[in-house]
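Colleague: I have a chain open on my screen and some questions about it. Can you walk me through it?

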Amino acid sequence: MSPFILATLMSALGIGTAITLSSSHWLIAWVGLELNTLAILPLMTRQPHPRAVEATTKYFLIQAAAAATLLFAATTNAWITGQWEIHQMTHPAPATIATLALAMKVGLAPTHFWLPEVLQGLDLTTGLILSTWQKLAPFALLLQMPHQNPTLLIILGLSSTLVGGWGGLNQTQLRKILAYSSIAHLGWMILVLQFSPSLTFLTLILYFAMTFSTFIVFKINKSTNINSLATSWAKTPALTAITPLILLSLGGLPPLSGFMPKWLILQELTKQGLALTATVTALSALLSLYFYLRLSYAMTLTTPPNTPMGLSPWRLHTSQATLPLAISTTTTLALLPLTPLVTALFSP
């Protein structure tokens, strides 16, 4: 792909997200979502591999169905109430349909089935965009909508945390593990969305930093499955020492940054009288922590396979820029002591 086409597609991706973020009208927000979807499709097929084509087709069909459902919900709300504003979606029926459509767009359970298969068919760079940037616009709409059905959000959140934990247990492909990790983290965000939107936004930002670090580490090591992680110690020994901390931060283990949003979300759920929901959510985090520990074990405590030295991928120095990884890794590991400052910045 030529640099001009790549720059055009990335610009369209950014413009589509910016349109949705800045809009208060459902039609304009829908246009931004569609522009966002159409811009990423050529990026997904940069490598003309059958798996990439299959993943792009699945992604297009799911996103088109979700966008059509969202437009139907907005039109229904305008027909019933006469309002096209996002803040004025007050009727329960279109609000529920719109919430489910946005849940399908980001990959919340039980509408999550497309996400692991699509992410598995993409390269790590496009998978990073799909796991981070593509969630901004739907979440902006979820944050703006008035939520008339709190039970629906709790069901979506609990099912996502449980599915994200159970689904990743038996996986050997790193992209599928990261997909189930995404589903679990989105469940935490949805659970607290109706009580504290600022906390949801904080969790989303920290999830972006942790996921960015994980994808870049796997990209530098050229790892796509657990077995290939075993050779990373000889290619990048310093990075291999830090990577388990990144993975444990994704799992929410103190004293790393990933513990902060889980701690605050459990505290908020308890304040709202949802002690049982908080307990089930905390227990589901143990499932996710198990496969993060499994990845950490594969990177640090296993020996590389006995391959001929001519085929060995280690001893090859990477030419990729590591400054973004250094910044995101620092954010991933060291923000917990700054919890009061961070919560003050994100509080309304």
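Colleague: Where is Pro255?

Modeller: Pro255 is in the loop between H12 and H13. Helices here are DSSP runs of H or I with at least four residues, strands are runs of E with at least two, and both are numbered from the N terminus. This is a predicted model, so local features need pLDDT of at least 70 and side-chain atom pairs count only at pLDDT 80 or more, while totals for chains, interfaces and linings use all residues. Residues are numbered from 1 along each chain as its sequence is written, and side-chain values use heavy atoms, with hydrogens and water left out.

Colleague: Is the peptide bond from Pro254 to Pro255 cis or trans?

Modeller: The bond from Pro254 to Pro255 is cis, with omega near 5 degrees. The bond from Ala109 to Pro110 is cis as well, also with omega near 5 degrees. Pro110 belongs to the loop between helix H4 (92–106) and helix H5 (114–120).

Colleague: Back to H12. How many residues does H12 have?

Modeller: H12 has 15 residues, 237–251. From first C-alpha to last, H12 reaches 22 Å, close to the 21 Å expected at 1.5 Å a residue. That expected span is 1.5 Å times one less than the number of residues.

Colleague: Where is the kink in H12?

Modeller: The kink is at Thr243, about 25 degrees, shortly before the proline Pro244. The bend at a residue is the angle between axes fitted to the seven residues ending there and the seven starting there.

Colleague: Thr243 in H12, buried or exposed?

Modeller: Thr243 is buried, and so is Pro244. The buried residues of H12 also include Leu239, Ile246 and Gly251. Buried means under 20% relative accessible area, exposed means over 50%, and partly exposed is in between (1.4 Å probe, protein chains only).

Colleague: What do the buried residues of H12 pack against?

Modeller: Their partners are helices H9 (174–193), H10 (197–221), H11 (232–235), H13 (259–271), H14 (275–300) and H15 (323–334). Contact means heavy atoms within 4.5 Å.

Colleague: What about Thr214, what does it touch?

Modeller: Not counting residues up to four places away in sequence, Thr214 touches Leu178, Ile246, Leu247 and Leu250. Thr214 is in H10 and counts as buried because its relative accessibility is 2%.

Colleague: And where is Thr322?

Modeller: Thr322 is in the loop between H14 and H15. Thr322 counts as partly exposed, at 42% relative accessibility. Thr322 and Val217 are 105 residues apart in sequence, but 9.6 Å apart in space, C-alpha to C-alpha.

Colleague: Change of topic. Which domain does UniProt list for residues 23–287?

Modeller: The unreviewed UniProt entry gives "domain: NADH:quinone oxidoreductase/Mrp antiporter transmembrane" there. UniProt positions are in the numbering used here, feature names are shortened, and annotations may be inferred rather than shown by experiment. In the model, that span is 75% helix and 0% strand.

Colleague: Where does UniProt place the "transmembrane region" feature?

Modeller: The unreviewed entry places it at several spans, including 201–220 and 232–253. Residues 201–220 are 100% helix, with end C-alpha atoms 29 Å apart. Residues 232–253 are 86% helix, with end C-alpha atoms 23 Å apart.

Colleague: Last one, the whole chain. How many helices and strands?

Modeller: There are 16 helices and zero strands. Of the 348 residues, 53% count as buried. The C-alpha trace spans about 70 × 50 × 35 Å along its principal axes.
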